[in-house]
Amino acid sequence: MSLQPHHDGSATYVPEQEPALGQTVPVFVRVPAGADVRQVHVRTTGDGEPRFAEAVVDRTENGDVWWRADVEVRNPVSNYRFLLDGGRGYRWLNGAGLVDHDVPDHGDFKLVSYAPPPAWARDALIYQIFPDRFARSAAADGRTAPDWAIPCDWDTPVIGRGPETPRQFYGGDLDGVTEHLDHLERLGVNTVYLTPIFPARSNHRYDAASFDTVDPLLGGDAALARLADAVHARGWRLLGDITSNHTGDAHQWFTAAASDVRAPERELYYFDLAGGCDNSGSAGGHNSASAPLGGAPDRMKAGLTPRCDLEPSYESWNGVKSLPKLNWGSAELRRRFATAEDSLLRRWLRPPYGLDGWRVDVANMTGRRGADAYTHEVARLLREVVADTRTDGLLLAEHGHDHTGDLDRDGWHGTMNYVGFTDPVWSWLRVGDDPVPNFLGTPGGVRRRDAGGVLATMNAYRSLISWRSYVHSWQLLGSHDSARIRTVVGDAARQEVAAGLLATMPGTPVIFAGDELGLTGTNGEGSRTPMPWHRPERWDRRTFDAYRSLLALRRGEPALRHGGLRWVHADADTLVFLREAPTGTVLVLARRAAGTPVRLPGLPAAENVYGGAPALRPDADGAITLPADGPTFQVWRLA
């Protein structure tokens, strides 16, 4: 593909990245020399009504014409697109790119006037830690395994499927994390994300039994304070993981609710009295889901004596009864979880722990249940509380499928971008014929696709959210919920290509602990592999060095952290793009296999800054030629 008229919402094209409601901001379209564009209009839809304004030529640089138009931030989220008129008709330019037919508004570019995410998040390089499997301190040897656990030696193989999977207990703790922060420093990250640390009855701890204390098996509250001090002393950030959709069935809220229909905790969950306690003295009863918001069913309020000789029935996450679902229609839940001065959301953001924000588990289901649709209310509430408690706090949502309807408001700052990054990268780089399961278990797993399908997928999701939400979402090659990237791609060379995309594309890079060593795993549970600190022979040094160099490259090149994204070539085995910023431009080549050289006209000379390829020099026709070897990942800085 040749260079096309371009706009992406980044600072190069929208200099005002934090507009205020009512402000008018300039936006720019870059039209390459020779493109069939004679006139440009911007179309906005303020207050729901389309309006057109003519753009003017602002400047010409290196043969490219930069058109300028002004857009009023009329609404908290203000849409705009461009109409490009030429001798062969007109085309729309929206978030998905150039189209020659009319398209719906949801793919338009967006200006967002809500308070922006914290500034530090744009430069974050995140390292995800599953505490039970990261490292054991000496103190861990003195702790007795709980009754639910199957104690394991650090070398015991992980069971990836079956009832024993959540019960394997390796005994990693928070002081073990603190003792290995030098490894993270060598790698080059600057943010630590911990999966849940509260008491539970599983190794993953997403079935919290309390939000009031750190699990003693991890070292308790004092160990979290020590880790926070050590992380912050390095100038880094520390993120926690909170379950807003459910608790565990051993949580004190739930045990109180299940044992007494008149308990104040009853309204925090969804109980179906037909399956358990009966307030009328006979089988059957009132479904609390139809009760007024924040209140218990009428017969409970009337003081009728319940009969509870049957096991209560209740809503749970995906039917897993150990994970009872929270009812966000409850004012008491909102108070305990968020708004109270001593709420769990606030407590851990304050000293001596000072978490810098939360990753919110199952954010996509939070507040959704039948006719109940509180998701955005909850997101907005949690963001208000986080910002009130600490102005630089981050609130990041887990979302495994289409997240686009939950962003660009005053709630989540971003999402875990499985569908717009992880799955497409997997589908392009995967090897072998065995199914590779994706995050949500689509039948048949991740299909193998050429680069055109990968690019179409990425653009489809990116076009439906603002640039701001896109760059503040997490890009990841895998997590504790997925197969490991080494298993997906098969070897170090293709993993380097994947890690290169992670480090150079927009968004926040997230590395799951152990990926940098080349660890393997076929699914989420099987990927929760203990870190082989005492087994250096299991470390893939080539992979570690690649991750370290790529993260250093991202830190050193402002365009990779703050620049826009312009695709310039795609064939079955090749992706080429530019990251452009006012401070400079970087050219990126990703190949999954060797192929033919790629010739790009209209680009200047370039110095190689990753991958060791030669410098690029334009030929007599003004084109540069990219190397044909592969798999390879190469980066150049344009002159």
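These are my notebook entries on a few local features of a predicted model.

**Ground rules.** I number residues from 1 along each chain as its sequence is written, and side-chain values use heavy atoms, with hydrogens and water left out. Because the model is predicted, local features need pLDDT of at least 70 and side-chain atom pairs count only at pLDDT 80 or more, while totals for chains, interfaces and linings use all residues.

Entry: I looked up strand 2 (39-44) and strand 3 (51-54); strands here are DSSP E runs of at least two residues, helices are H or I runs of at least four, and both are numbered from the N terminus. The two strands pair in the antiparallel sense over 4 bridges (pairing requires at least two DSSP bridges between the strands). Across this pairing, Arg-43 stands opposite Phe-52 of strand 3. The strands form a hairpin with 6 residues between them. Asp-47 lies in that turn and has a positive phi of about 60°, although it is not a glycine.

Entry: I noted Arg-205, a non-glycine residue with a positive phi of about 65°. Its place is the loop between strand 13 (191-194) and helix 3 (220-233). Is Arg-205 buried or exposed? I find Arg-205 buried, because its relative accessible area is 3% (buried is under 20%, exposed over 50%, partly exposed in between, with a 1.4 Å probe and protein chains only).

**Entry: cis peptides.** I recorded a cis bond between Pro-351 and Pro-352, with omega about 5°. Pro-352 sits in the loop that runs between helix 7 (344-347) and strand 17 (357-361). Another cis bond joins Gly-630 to Pro-631, with omega about 0°. Pro-631 belongs to the loop between strand 29 (623-626) and strand 30 (632-638).

**Entry: positive patch.** Which residues form the positive surface patch? I list Arg-186, Arg-541, Arg-548 and Arg-555. Patch members have over 30% relative accessible area and no salt bridge, and like charges are joined within 9 Å; a salt bridge is a side-chain nitrogen of Lys or Arg within 4 Å of a carboxyl oxygen of Asp or Glu. The place of an Arg charge is taken as CZ. Helix 14 (residues 541-556) gives the most to the patch, with 3 residues. Arg-541 is found in helix 14, and I log Arg-541 as partly exposed because its relative accessibility is 45%.

Technical notes
Patch = residues over 30% accessible without salt bridge, like charges linked within 9 Å, V, L, I, M, F, W, Y side chains within 5 Å. Areas by Shrake-Rupley, 256 points an atom, 1.4 Å probe, with all protein chains shown as cover. Lys, Arg positive; Asp, Glu negative; His and termini not counted.
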